[in-house]
Amino acid sequence: MKAEAYIIKEIVRISTHCRLNSTMWKLKVAEGDDPWLRTLNGHVGRQVWEFDPHLGTQEERSLVDEARRSFSDRRFQIKHSSDLLMRMQFARENPHVTNLPEIKVHDLEQVTEEVVTNALRKGLNFYSTIQAHDGHWPGDYGGPMFLLPGLVITLYVTGALNVVLLMEHQREMCRYLYNHQNEDGGWGLHIEGPSTMFGTVLSYVTLRLLGEGAYDAQGAMEKGRKWILDHGGANAITSWGKMWLSVLGAYEWSGNNPLPPEVWLCPYIVPVHPGRMWCHCRMVYLPMSYLYGKRFVGPITPTIISLRKELYVVPYHEVDWNQARNQCAKVSPVELRIALILINGNCNLGTNSPYEKGQSIVYNLQLNCGFCGGSIVIFPKILYQVNRQYLYYPHPLVQDVLWASLHKVVEPILVHWPGSKLREKALCTVMQHVHYEDENTRYICIGPVNKVLNMLCCWIEDPNSEAFKLHIPRIFDYLWIAEDGMKMQGYNGSQLWDTSFAVQAIISTNLGKECGPTLRKAHEFIKNSQVLDDCPGDLNFWYRHISKGAWPFSTADHGWPISDCTAEGLKAALLLSKLPSEMVGEPLDVEQLFDAVNVILSLQNEDGGFATYELTRSCRWLELINPAETFGDIVIDYPYVECTSAAIQALTSFKKLYPEHRRHEIENCISKAAKFIKDTQAPDGSWYGSWGVCFTYGGWFGIKGLIASGKTYSNCPCIRKACDYLLSKELASGGWGESYLSCQNKAYSNLPGDKPHIVNTAWAMLALIDAGQAERDPNPLHRAAMILINSQMKSGDFPQEEIMGVFNKNCMISYSAYRNIFPIWALGEYRSRILDSS
């Protein structure tokens with residue numbers, strides 16, 4: 001935090017004397033002059049980093065180097081970048097000098113309206129300076145470590161690596177991978193995770209493809225290779241890794257479980273039809289099935305031949321590929337012995353002990369162990385818990401039987417005539433759907449995994465195709481650079497999502513009149529980002545939901561409709577419509593509001609809940625065939641408390657302004673949705689948050705949804721239980737601080753050292769304020785406000801702390817805007833609803 005504050009302070013000082021645009025890397029927003037780019041709205045929301053060696057003074061470059069050195073020096077303690085390169089650029093482009101004092105409070109009596117208003121003005125002033133000219137807030141949406149390898153492998157096998165990526169891109173990618181290598185030599189599934197075979201093999205291979213030697217980087221490559229071999233070799237990588245290595249030629253296709261493209265020819269009535277799956281699952285396994293059906297292998301270069309030697313504990317030609325189909329790395333014998341020794345009473349070990357690594361494993365998994373003061377757990381449970389960090393979703397027996405049957409019986413038929421004719425037809429069908437997805441997302445695709453897989457499939461189909469050329473410039477929509485290096489993001493950004501929240505946060509402060517230009521730009525962005533049409537053709541044939549009137553997570557060019565994004569976009573648009581048009585611009589056309597409501601109503605499931613992109617189309621038992629050992633709950637689009645709550649809030653806000661529009665449908669929808677939220681509450685009063693960390697996030701949405709539906713603390717036992725649950729998790733020092741382990745283990749876990757986190761604290765604070773906590777005991781709110789005020793930096797910015805986003809139970813992702821949005825929102829609600837009322 002101190003290093004970040006120093007660097008920003010220096011940039012502000014330099015910006016008063018120098019008006020250059022950037023330090024070699026420049027963030028370009030809402031631009032796109034490549035003839036192969038397509039857009040619906042002039043590229044609004046697009047954010048791309050471009051390298052220019054002539055930009056920046058020597059002093060500015062020195063500050064960038066200092067930021068990079070500072071991150072590298074602390075990389076094992078602080079895993080998350082602070083987005084300093086972007087902040088440096090905006091400090092020059094939007095110079096910001098504030099005369100507001102920096103105030104720290106030491107007891108609750110000092111948390112006055114004046115102090116809170118000062119913090120809010122500082123926060124709003126700073127946050128307005130990092131808003132892009134098109135109205136959104138750019139930021140880092142990285143975190144997962146398995147995304148960049150897919151891009152590099154695809155570019156390598158297509159021969160486009162050095163054509164598409166400058167050496168500067170490749171250098172920054174190497175920086176990123178080295179910065180996020182763990183102390184044990186491996187890489188995790190995400191930047192804060194323990195080492196896994198999936199993360200380690202793919203990161204190691206990526207570095208080799210980017211030109212790093214097997215003995216480069218002061219032993220870092222050797223440590224990575226040692227981790228792989230100590231854990232059984234690359235034949236024990238999970239299924240997505242097996243697929244990528246097979247494409248590369250460093251693993252055999254016979255070592256993969258089948259992904260038959262013929263499943264796309266089944267009638268839709270079949271419960272396992274891909275059209276019934278969650279769209280992210282569907283869109284990833286669509287191109288994977290093409291690659292499997294083709295058994296595509298890239299050119300076998302000297303690097304690939306070398307990797308075949310480096311990645312396995314036996315010679316490549318001796319690997320038992322049939323056995324490898326179901327092999328996935330578990331904890332190493334050494335790590336398990338260390339964990340067992342610790343669990344059986346060796347609790348007085350120093351921090352430099354050789355057992356520190358094992359102690360970390362056990363502690364991080366939150367085991368109920370002897371050295372932690374609990375009972376000693378039995379061996380099978382130890383093995384299960386420690387292995388879970390490597391293998392989140394082990395294959396059930398039904399999968400082993402299914403894959404073996406397909407592999408030994410069905411596949412031999414489909415690869416020989418006349419069965420091969422069916423395969424040819426299936427592959428053609430798959431490519432139809434690939435092209436449909438590409439064209440209707442302007443070649444961005446729903447996410448980074450299917451983006452590079454689709455691009456590879458287009459190249460395999462025709463290396464000179466227009467489709468492949470249209471894919472190339474959209475690669476850069478996914479790349480983001482910060483002081484930790486260049487990463488591939490989990491989407492092409494979180495532009496609409498963050499902007500919708502930011503609008504609500506700013507308006508909550510009752511200081512909106514001071515933020516007119518900021519709100520006006522954000523309003524324009526929201527209006528420009530709404531999806532105006534359904535996808536073309538027969539939506540049932542393409543397994544697509546309606547999208548006219550929806551808002552996407554990122555940009556209109558991406559275009560996939562999402563229930564909670566539509567709800568949050570609608571909420572923001574409705575709030576802005578209440579403000580003077582001379583301040584924030586003309587409101588969204590009422591017919592477009594009606595279209596948004598139509599999308600929300602269309603997405604409610606029979607149980608009252610809302611899933612993400614589409615209706616839930618199949619049964620929960622389908623999760624039994626989840627082939628991705630790394631992720632949980634990926635096969636169908638489940639209903640979530642977050643999506644359901646957002647829908648209730650949006651429809652309630654809409655109903656107040658347009659009470660007669662589809663009144664009965666809206667009231668019925670809200671009633672069913674509220675029942676879903678009550679029915680899904682856990683006995684302890686919590687809700688599991690599936691898209692944020694974790695029970696504080698779920699609790700915020702659960703409480704807010706019920707209150708929006710008309711329930712109160714006094715008349716709703718669910719709200720009372722939820723408040724009691726949140727209050728029970730308040731730290732002794734005040735505030736809340738929840739670890740990502742809550743998501744993984746489905747049990748509340750504090751951050752190490754029981755330290756508070758500004759985002760968790762803000763979520764809990766917002767929930768409790770809505771539930772009327774101030775009327776019962778305002779002290780938890782006062783303590784939380786003190787945490788937020790004292791966390792604020794001199795510039796008005798807030799520090800980047802531990803990762804707060806999650807998907808599929810087990811993989812964390814960065815929401816870098818949350819560090820600003822939610823402290824402002826919580827303090828805004830606190831000022832306007834607690835301090836003003838008192």
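Predicted model: local features only at pLDDT ≥ 70, side-chain atom pairs only at ≥ 80, totals over all residues.
Figure 1. With residues up to four places away in sequence left aside, the contacts of Phe146 are Leu189, Phe198, Leu202, Trp240, Val449, Phe631, Phe807 and Cys811.

**Figure 2. The aromatic pair of Trp497 and Phe501 in helix H21.** The structure contains 50 aromatic pairs. Trp497 is buried because its relative accessibility, 4%, falls under 20%. Phe501 is likewise buried, at a relative accessible area of 0%.

**Figure 3. The aromatic pair of Tyr688 and Phe695.** The ring centres of Tyr688 and Phe695 lie 5.8 Å apart, within the 6.5 Å limit for a pair. Their planes stand at 80°, which is over 60 degrees, and the pair is therefore edge-to-face. Phe695 has a relative accessibility of 7% and so counts as buried.

**Figure 4. Arginine side chains over aromatic rings.** Arg544 is placed over the face of Trp560, at 3.6 Å from the ring centre.

**Figure 5. The cis peptide bond between Trp417 and Pro418.** Trp417 and Pro418 are joined by a cis peptide bond with an omega of about 5°. Pro418 is located in the loop that links helix H17 (397-414) to helix H18 (419-440).

**Figure 6. Arg442, a non-glycine residue with positive phi.** The phi angle of Arg442 is positive, at about 55°, although the residue is not a glycine. Arg442 occupies the loop between H18 and helix H19 (448-461). Its relative accessible area of 13% is under 20%, so Arg442 is classed as buried.

**Figure 7. Lys809, a non-glycine residue with positive phi.** Lys809 is not a glycine, yet its phi is positive, at about 70°. The residue lies in the loop between strand S7 (805-807) and strand S8 (811-813). Lys809 is buried, because its relative accessible area of 10% is under the 20% cut-off.

Technical notes. Residues numbered from 1 in each chain as written. Heavy atoms only, no water. Phe/Tyr/Trp six-rings, centres within 6.5 Å; stacked < 30°, edge-to-face > 60°. Helix = DSSP H or I, 4+ residues; strand = E, 2+ residues; numbered from the N terminus. Buried < 20%, exposed > 50% of the residue type's maximum accessible area, 1.4 Å probe, protein only. Lys NZ or Arg CZ within 6 Å of the ring centre and 35° of its normal. Contact = heavy atoms within 4.5 Å.
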